[in-house]
Amino acid sequence: MLVGDIGKFAGLVAGIAFASFLSCFAAAYFAGFMTRSFALVAEQPGDVWVMDRATASPDQFANLSASARDRVRSVAGVADANVLALGTADARFPDGRLQPIDVIGLDDATLAGAPRVGDAAGGPLLRAADAAIVDPGGSDAAKLMTHDRAGTGPARPLRAGDEMLIADHRVVVAGIAHGLPRFPPRPLLYMSWSNAARVLPIERLRTSFVIVRAAPRIDHRALATAIERRTGFAAYTRDDVEAATVRWFLATSEDVGDIATMLTIAVAIGFGFTAVMLYIFTAEHLRQYAMLTALGASPATLRHMVFAQAGTAGLLGTGIGIGLCTIGGLVATSVGLPYRMMWWAVAGCALLNALACLGAALLSMRPVLRLEPARVFAP
(Lines give C-alpha, C1' and ligand atoms only; values in the text may rest on other atoms or scores of the structure.)
Protein backbone atom coordinates (compact mmCIF):
# COMPACT_ATOMS: atom_id res chain seq x y z
CA MET A 1 0.00 0.00 0.00
CA LEU A 2 2.82 2.41 0.87
CA VAL A 3 4.87 1.99 -2.31
CA GLY A 4 2.09 0.83 -4.61
CA ASP A 5 1.50 4.36 -5.86
CA ILE A 6 5.01 5.65 -6.55
CA GLY A 7 3.84 9.20 -7.18
CA LYS A 8 2.05 9.56 -3.84
CA PHE A 9 4.84 7.77 -1.98
CA ALA A 10 7.49 10.01 -3.53
CA GLY A 11 5.42 13.09 -2.71
CA LEU A 12 5.03 11.97 0.91
CA VAL A 13 8.75 11.30 1.37
CA ALA A 14 9.62 14.57 -0.41
CA GLY A 15 7.31 16.50 1.92
CA ILE A 16 8.92 15.00 5.01
CA ALA A 17 12.39 15.59 3.54
CA PHE A 18 11.50 19.23 2.92
CA ALA A 19 10.32 19.68 6.50
CA SER A 20 13.47 17.94 7.80
CA PHE A 21 15.74 20.10 5.68
CA LEU A 22 13.95 23.27 6.76
CA SER A 23 14.09 22.52 10.48
CA CYS A 24 17.66 21.22 10.49
CA PHE A 25 19.01 24.05 8.35
CA ALA A 26 17.17 26.62 10.48
CA ALA A 27 18.69 25.21 13.66
CA ALA A 28 22.19 25.10 12.14
CA TYR A 29 21.80 28.64 10.81
CA PHE A 30 20.72 29.87 14.23
CA ALA A 31 23.65 28.06 15.86
CA GLY A 32 25.96 29.78 13.36
CA PHE A 33 24.72 33.18 14.45
CA MET A 34 25.19 32.30 18.11
CA THR A 35 28.71 31.02 17.43
CA ARG A 36 29.58 34.40 15.94
CA SER A 37 28.35 36.14 19.10
CA PHE A 38 31.38 34.88 21.08
CA ALA A 39 33.94 35.24 18.28
CA LEU A 40 36.06 37.60 20.42
CA VAL A 41 36.36 34.95 23.13
CA ALA A 42 37.17 32.23 20.60
CA GLU A 43 40.00 34.15 18.94
CA GLN A 44 41.77 35.32 22.13
CA PRO A 45 44.26 32.84 23.59
CA GLY A 46 43.72 32.11 27.26
CA ASP A 47 42.10 29.71 29.69
CA VAL A 48 40.30 31.98 32.16
CA TRP A 49 38.64 35.35 31.64
CA VAL A 50 38.63 37.80 34.55
CA MET A 51 36.13 40.67 34.61
CA ASP A 52 34.08 42.99 36.76
CA ARG A 53 31.18 41.25 38.50
CA ALA A 54 28.73 43.48 36.62
CA THR A 55 29.98 42.25 33.24
CA ALA A 56 27.43 40.15 31.34
CA SER A 57 29.24 39.57 28.03
CA PRO A 58 31.95 41.11 25.81
CA ASP A 59 29.18 43.37 24.48
CA GLN A 60 28.10 44.60 27.92
CA PHE A 61 30.95 45.06 30.36
CA ALA A 62 32.33 47.25 33.15
CA ASN A 63 36.03 48.08 33.11
CA LEU A 64 38.58 47.11 35.73
CA SER A 65 41.25 49.14 37.49
CA ALA A 66 44.81 49.33 36.18
CA SER A 67 46.02 47.10 39.03
CA ALA A 68 43.73 44.22 38.04
CA ARG A 69 46.40 42.39 36.03
CA ASP A 70 48.95 42.47 38.84
CA ARG A 71 46.38 41.21 41.34
CA VAL A 72 45.45 38.35 39.03
CA ARG A 73 49.09 37.46 38.38
CA SER A 74 49.65 37.06 42.12
CA VAL A 75 47.26 34.08 42.27
CA ALA A 76 48.94 30.67 42.42
CA GLY A 77 48.45 28.71 39.20
CA VAL A 78 48.48 31.74 36.88
CA ALA A 79 51.23 31.40 34.26
CA ASP A 80 50.54 34.74 32.59
CA ALA A 81 47.83 37.38 32.31
CA ASN A 82 47.15 39.83 29.48
CA VAL A 83 44.87 42.86 29.47
CA LEU A 84 42.22 43.60 26.86
CA ALA A 85 40.59 46.97 26.21
CA LEU A 86 37.31 47.23 24.29
CA GLY A 87 35.36 50.21 23.05
CA THR A 88 33.63 51.87 20.13
CA ALA A 89 34.85 54.94 18.29
CA ASP A 90 34.06 56.97 15.15
CA ALA A 91 36.82 56.66 12.58
CA ARG A 92 37.23 59.40 9.96
CA PHE A 93 38.37 57.75 6.73
CA PRO A 94 40.74 59.42 4.23
CA ASP A 95 37.80 60.83 2.27
CA GLY A 96 36.32 62.39 5.40
CA ARG A 97 33.54 59.85 5.91
CA LEU A 98 32.79 58.74 9.48
CA GLN A 99 32.42 55.05 10.30
CA PRO A 100 31.65 53.58 13.74
CA ILE A 101 34.19 50.88 14.48
CA ASP A 102 34.91 48.52 17.39
CA VAL A 103 38.36 49.05 18.89
CA ILE A 104 40.17 46.07 20.45
CA GLY A 105 43.24 46.98 22.48
CA LEU A 106 45.71 44.10 22.94
CA ASP A 107 48.32 43.72 25.66
CA ASP A 108 51.35 45.90 24.86
CA ALA A 109 53.90 43.28 25.93
CA THR A 110 52.57 40.23 24.08
CA LEU A 111 49.96 41.54 21.60
CA ALA A 112 48.31 38.15 22.15
CA GLY A 113 45.20 37.66 20.06
CA ALA A 114 46.33 39.80 17.14
CA PRO A 115 44.75 38.58 13.89
CA ARG A 116 46.80 37.25 11.01
CA VAL A 117 47.28 39.48 7.98
CA GLY A 118 47.46 37.13 5.05
CA ASP A 119 50.03 34.49 5.96
CA ALA A 120 51.89 36.73 8.42
CA ALA A 121 51.32 37.22 12.13
CA GLY A 122 49.66 40.52 12.90
CA GLY A 123 51.38 41.17 16.23
CA PRO A 124 54.65 42.63 14.85
CA LEU A 125 52.68 45.04 12.63
CA LEU A 126 51.03 46.59 15.69
CA ARG A 127 54.36 47.57 17.25
CA ALA A 128 54.77 50.43 14.79
CA ALA A 129 53.69 53.88 15.95
CA ASP A 130 49.94 54.54 15.60
CA ALA A 131 49.51 51.19 13.82
CA ALA A 132 46.21 49.29 13.61
CA ILE A 133 44.83 46.26 11.80
CA VAL A 134 41.38 46.51 10.25
CA ASP A 135 38.99 43.54 10.07
CA PRO A 136 35.53 43.63 8.43
CA GLY A 137 34.16 41.47 11.25
CA GLY A 138 31.55 39.98 8.93
CA SER A 139 30.13 43.40 8.06
CA ASP A 140 29.27 44.74 4.63
CA ALA A 141 32.44 45.41 2.65
CA ALA A 142 31.05 48.86 1.78
CA LYS A 143 31.67 49.97 5.36
CA LEU A 144 35.41 49.79 4.74
CA MET A 145 35.39 51.60 1.39
CA THR A 146 36.98 55.01 0.94
CA HIS A 147 37.92 57.50 -1.80
CA ASP A 148 41.16 59.31 -2.37
CA ARG A 149 41.76 62.40 -0.28
CA ALA A 150 40.61 64.59 -3.14
CA GLY A 151 37.29 62.71 -3.15
CA THR A 152 37.66 61.84 -6.81
CA GLY A 153 37.66 58.48 -8.52
CA PRO A 154 35.83 55.30 -7.55
CA ALA A 155 35.62 54.05 -3.99
CA ARG A 156 38.15 51.40 -2.97
CA PRO A 157 38.66 49.20 0.09
CA LEU A 158 40.92 50.38 2.89
CA ARG A 159 44.46 49.08 2.48
CA ALA A 160 47.78 49.12 4.28
CA GLY A 161 49.22 52.63 4.50
CA ASP A 162 45.85 54.44 4.67
CA GLU A 163 45.47 56.90 7.52
CA MET A 164 42.37 57.68 9.55
CA LEU A 165 41.55 59.95 12.45
CA ILE A 166 39.99 58.71 15.68
CA ALA A 167 39.38 61.27 18.43
CA ASP A 168 41.81 63.58 16.61
CA HIS A 169 44.55 60.96 16.79
CA ARG A 170 46.29 59.65 13.68
CA VAL A 171 45.89 55.93 13.05
CA VAL A 172 47.76 54.11 10.27
CA VAL A 173 46.31 50.95 8.73
CA ALA A 174 49.07 48.34 9.02
CA GLY A 175 47.09 45.58 7.33
CA ILE A 176 43.68 44.08 6.59
CA ALA A 177 42.71 40.88 8.40
CA HIS A 178 39.86 38.47 7.85
CA GLY A 179 39.28 36.81 11.19
CA LEU A 180 36.14 35.41 12.75
CA PRO A 181 32.97 37.28 11.75
CA ARG A 182 30.84 38.84 14.48
CA PHE A 183 27.19 38.90 15.38
CA PRO A 184 25.97 41.55 15.00
CA PRO A 185 28.50 42.18 12.19
CA ARG A 186 30.66 45.28 12.63
CA PRO A 187 34.10 46.53 11.51
CA LEU A 188 36.96 45.92 13.94
CA LEU A 189 40.17 47.82 14.66
CA TYR A 190 42.97 45.96 16.47
CA MET A 191 45.55 48.12 18.24
CA SER A 192 48.02 47.88 21.09
CA TRP A 193 46.51 48.60 24.50
CA SER A 194 48.32 51.95 24.84
CA ASN A 195 47.22 53.14 21.39
CA ALA A 196 43.64 52.02 22.05
CA ALA A 197 43.61 53.97 25.33
CA ARG A 198 44.50 57.13 23.37
CA VAL A 199 41.69 56.90 20.83
CA LEU A 200 38.88 55.57 23.03
CA PRO A 201 36.84 57.93 25.22
CA ILE A 202 38.75 58.97 28.33
CA GLU A 203 37.81 56.80 31.30
CA ARG A 204 39.32 56.35 34.72
CA LEU A 205 39.19 52.58 34.22
CA ARG A 206 40.37 51.25 30.87
CA THR A 207 40.98 47.48 31.27
CA SER A 208 37.92 45.56 30.07
CA PHE A 209 39.16 41.99 30.67
CA VAL A 210 42.20 40.18 31.99
CA ILE A 211 42.86 36.96 30.05
CA VAL A 212 44.73 34.33 32.03
CA ARG A 213 46.88 31.48 30.81
CA ALA A 214 46.92 28.70 33.38
CA ALA A 215 50.08 26.92 34.50
CA PRO A 216 50.51 23.32 33.28
CA ARG A 217 48.31 20.70 34.97
CA ILE A 218 46.13 23.36 36.63
CA ASP A 219 42.39 22.83 36.39
CA HIS A 220 40.89 25.88 34.73
CA ARG A 221 37.66 25.89 36.72
CA ALA A 222 39.53 25.56 39.99
CA LEU A 223 41.85 28.40 38.93
CA ALA A 224 38.85 30.62 38.17
CA THR A 225 37.47 29.92 41.64
CA ALA A 226 40.84 30.76 43.22
CA ILE A 227 41.05 34.06 41.29
CA GLU A 228 37.56 35.05 42.42
CA ARG A 229 38.39 34.24 46.05
CA ARG A 230 41.72 36.10 45.98
CA THR A 231 40.82 39.21 43.93
CA GLY A 232 37.08 39.68 44.28
CA PHE A 233 36.68 39.82 40.49
CA ALA A 234 34.49 37.47 38.47
CA ALA A 235 36.44 34.73 36.69
CA TYR A 236 35.19 32.15 34.21
CA THR A 237 36.68 29.54 31.95
CA ARG A 238 36.59 30.14 28.20
CA ASP A 239 33.69 27.70 27.75
CA ASP A 240 31.70 29.41 30.51
CA VAL A 241 32.21 32.84 28.93
CA GLU A 242 31.07 31.55 25.54
CA ALA A 243 27.95 29.97 27.06
CA ALA A 244 27.18 33.11 29.09
CA THR A 245 27.52 35.28 25.97
CA VAL A 246 25.02 33.12 24.07
CA ARG A 247 22.58 33.26 26.99
CA TRP A 248 22.95 37.04 27.14
CA PHE A 249 22.17 37.42 23.45
CA LEU A 250 19.20 35.08 23.72
CA ALA A 251 17.83 37.13 26.60
CA THR A 252 18.50 40.66 25.35
CA SER A 253 18.99 40.84 21.59
CA GLU A 254 15.97 41.86 19.51
CA ASP A 255 17.72 40.46 16.44
CA VAL A 256 17.78 37.01 18.03
CA GLY A 257 14.06 37.25 18.76
CA ASP A 258 13.28 38.21 15.16
CA ILE A 259 15.43 35.38 13.79
CA ALA A 260 13.87 32.86 16.18
CA THR A 261 10.35 33.98 15.20
CA MET A 262 11.03 33.59 11.49
CA LEU A 263 12.65 30.20 11.95
CA THR A 264 9.79 29.00 14.15
CA ILE A 265 7.26 29.98 11.49
CA ALA A 266 9.28 28.22 8.79
CA VAL A 267 9.57 25.03 10.86
CA ALA A 268 5.86 25.10 11.75
CA ILE A 269 4.93 25.38 8.08
CA GLY A 270 7.23 22.51 7.16
CA PHE A 271 5.88 20.14 9.76
CA GLY A 272 2.30 21.19 9.15
CA PHE A 273 2.88 20.20 5.53
CA THR A 274 4.23 16.82 6.69
CA ALA A 275 1.18 16.11 8.85
CA VAL A 276 -1.24 17.07 6.06
CA MET A 277 0.60 14.90 3.51
CA LEU A 278 0.47 11.86 5.81
CA TYR A 279 -3.21 12.39 6.55
CA ILE A 280 -4.10 12.72 2.86
CA PHE A 281 -2.06 9.62 2.04
CA THR A 282 -3.99 7.57 4.60
CA ALA A 283 -7.36 9.00 3.59
CA GLU A 284 -6.76 8.09 -0.04
CA HIS A 285 -6.26 4.44 0.91
CA LEU A 286 -9.45 3.98 2.92
CA ARG A 287 -10.77 1.47 0.37
CA GLN A 288 -7.76 -0.78 0.98
CA TYR A 289 -8.26 -0.55 4.74
CA ALA A 290 -11.95 -1.31 4.29
CA MET A 291 -11.07 -4.41 2.26
CA LEU A 292 -8.73 -5.60 5.02
CA THR A 293 -11.43 -4.96 7.61
CA ALA A 294 -13.91 -7.00 5.58
CA LEU A 295 -11.39 -9.85 5.41
CA GLY A 296 -11.13 -9.87 9.20
CA ALA A 297 -8.17 -7.60 10.01
CA SER A 298 -8.31 -6.52 13.65
CA PRO A 299 -8.11 -2.86 14.80
CA ALA A 300 -4.64 -3.60 16.23
CA THR A 301 -3.44 -4.76 12.82
CA LEU A 302 -4.78 -1.60 11.18
CA ARG A 303 -3.06 0.58 13.80
CA HIS A 304 0.23 -1.21 13.23
CA MET A 305 -0.11 -0.67 9.48
CA VAL A 306 -0.71 3.07 9.88
CA PHE A 307 2.23 3.43 12.26
CA ALA A 308 4.47 1.34 10.01
CA GLN A 309 3.68 3.51 6.99
CA ALA A 310 4.20 6.75 8.90
CA GLY A 311 7.44 5.47 10.45
CA THR A 312 8.90 4.21 7.17
CA ALA A 313 8.09 7.40 5.29
CA GLY A 314 9.30 9.53 8.21
CA LEU A 315 12.60 7.66 8.47
CA LEU A 316 13.33 7.95 4.75
CA GLY A 317 12.30 11.60 4.60
CA THR A 318 14.31 12.54 7.68
CA GLY A 319 17.47 10.92 6.33
CA ILE A 320 17.12 12.61 2.94
CA GLY A 321 16.37 15.98 4.56
CA ILE A 322 19.40 15.86 6.87
CA GLY A 323 21.60 14.82 3.95
CA LEU A 324 20.36 17.78 1.90
CA CYS A 325 20.95 20.04 4.90
CA THR A 326 24.58 18.90 5.04
CA ILE A 327 25.04 19.72 1.37
CA GLY A 328 23.30 23.07 1.87
CA GLY A 329 25.64 23.78 4.79
CA LEU A 330 28.68 23.27 2.58
CA VAL A 331 27.27 25.79 0.12
CA ALA A 332 26.35 28.24 2.90
CA THR A 333 29.80 28.19 4.49
CA SER A 334 31.49 28.59 1.11
CA VAL A 335 29.72 31.94 0.60
CA GLY A 336 30.33 33.14 4.17
CA LEU A 337 26.89 32.54 5.68
CA PRO A 338 26.69 31.56 9.36
CA TYR A 339 26.18 27.81 9.60
CA ARG A 340 27.11 25.35 12.32
CA MET A 341 25.67 21.85 12.39
CA MET A 342 25.42 20.61 15.97
CA TRP A 343 24.18 17.34 17.39
CA TRP A 344 21.07 18.89 18.90
CA ALA A 345 20.02 20.20 15.47
CA VAL A 346 19.94 16.67 14.07
CA ALA A 347 18.32 15.28 17.23
CA GLY A 348 15.72 18.06 17.27
CA CYS A 349 14.92 17.49 13.61
CA ALA A 350 14.43 13.76 14.19
CA LEU A 351 12.27 14.41 17.26
CA LEU A 352 10.07 16.94 15.48
CA ASN A 353 9.68 14.57 12.55
CA ALA A 354 8.72 11.74 14.89
CA LEU A 355 6.12 13.93 16.60
CA ALA A 356 4.72 15.11 13.25
CA CYS A 357 4.45 11.56 11.92
CA LEU A 358 2.97 10.31 15.18
CA GLY A 359 0.39 13.10 15.22
CA ALA A 360 -0.54 12.49 11.60
CA ALA A 361 -0.81 8.76 12.22
CA LEU A 362 -3.12 9.31 15.20
CA LEU A 363 -5.31 11.69 13.20
CA SER A 364 -5.41 9.28 10.26
CA MET A 365 -6.24 6.33 12.46
CA ARG A 366 -9.68 7.60 13.48
CA PRO A 367 -11.36 7.22 10.05
CA VAL A 368 -9.53 3.91 9.52
CA LEU A 369 -10.82 2.38 12.76
CA ARG A 370 -14.37 3.66 12.14
CA LEU A 371 -14.59 2.22 8.66
CA GLU A 372 -17.74 0.40 7.61
CA PRO A 373 -16.86 -1.66 4.53
CA ALA A 374 -20.49 -1.77 3.40
CA ARG A 375 -20.60 2.01 3.10
CA VAL A 376 -17.19 2.30 1.48
CA PHE A 377 -18.05 -0.18 -1.27
CA ALA A 378 -21.67 0.84 -1.64
CA PRO A 379 -22.55 1.81 -5.24
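In which loop is the place of Leu 111?

**View 1. Overall fold of the predicted chain.** In this predicted model, the secondary structure of the chain comes to 11 helices and 11 strands. The radius of gyration is 29 Å, well over the 21 Å that the globule rule gives for 379 residues, so the chain is more spread out than a compact globule. Along the principal axes, the C-alpha atoms fill a box of roughly 95 × 60 × 35 Å. Buried residues make up 44% of the 379 residues, and the chain exposes about 18,300 Å², of which carbon and sulfur atoms supply 63%. Of the contacts between residues at least 6 apart in sequence, 76% join residues at least 24 apart.

**View 2. The largest nonpolar core and the surroundings of Leu 84.** This core has 30 residues, and those with the most contacts inside it are Met 34, Trp 49, Leu 84, Ile 104 and Leu 106. Helix α6, which spans residues 238-252, gives the most to this core, with four residues. Leaving aside residues up to four places away in sequence, Leu 84 touches a set of residues that includes Trp 49, Ile 104 and Leu 106, together with Leu 40, Trp 193, Phe 209 and Ile 211. Among the other residues that Leu 84 touches are Gln 44, Gly 105, Thr 207 and Ser 208.

**View 3. Leu 111 in the loop between β3 and β4.** The place of Leu 111 is in the loop between β3 (98-106) and β4 (131-135), and its phi is near 50°, a positive value in a residue other than glycine. Most residues other than glycine have a negative phi. Because its relative accessibility is 4%, Leu 111 counts as buried, given that buried means under 20%.

**View 4. Asp 168 in the loop between β7 and β8.** Asp 168 likewise has a positive phi in a residue other than glycine, here near 65°, and the place of Asp 168 is in the loop between β7 (163-166) and β8. At 76% relative accessibility, however, Asp 168 counts as exposed.

**View 5. The cis peptide bond from Phe 183 to Pro 184.** Omega of this bond is near -5°, and the bond is cis, whereas most peptide bonds are trans. Pro 184 is found in the loop between β8 (169-176) and β9 (188-192).

Terms used: Residues numbered from 1 in each chain as written. Predicted model: local features only at pLDDT ≥ 70, side-chain atom pairs only at ≥ 80, totals over all residues. Heavy atoms only, no water. Helix = DSSP H or I, 4+ residues; strand = E, 2+ residues; numbered from the N terminus. Rg over C-alpha atoms; globule rule 2.2 N^0.38 Å. Buried < 20%, exposed > 50% of the residue type's maximum accessible area, 1.4 Å probe, protein only. Contact = heavy atoms within 4.5 Å. Areas by Shrake-Rupley, 256 points an atom, 1.4 Å probe, with all protein chains shown as cover. Core = buried A, V, L, I, M, F, W, Y, C linked by side-chain atoms within 4.5 Å.
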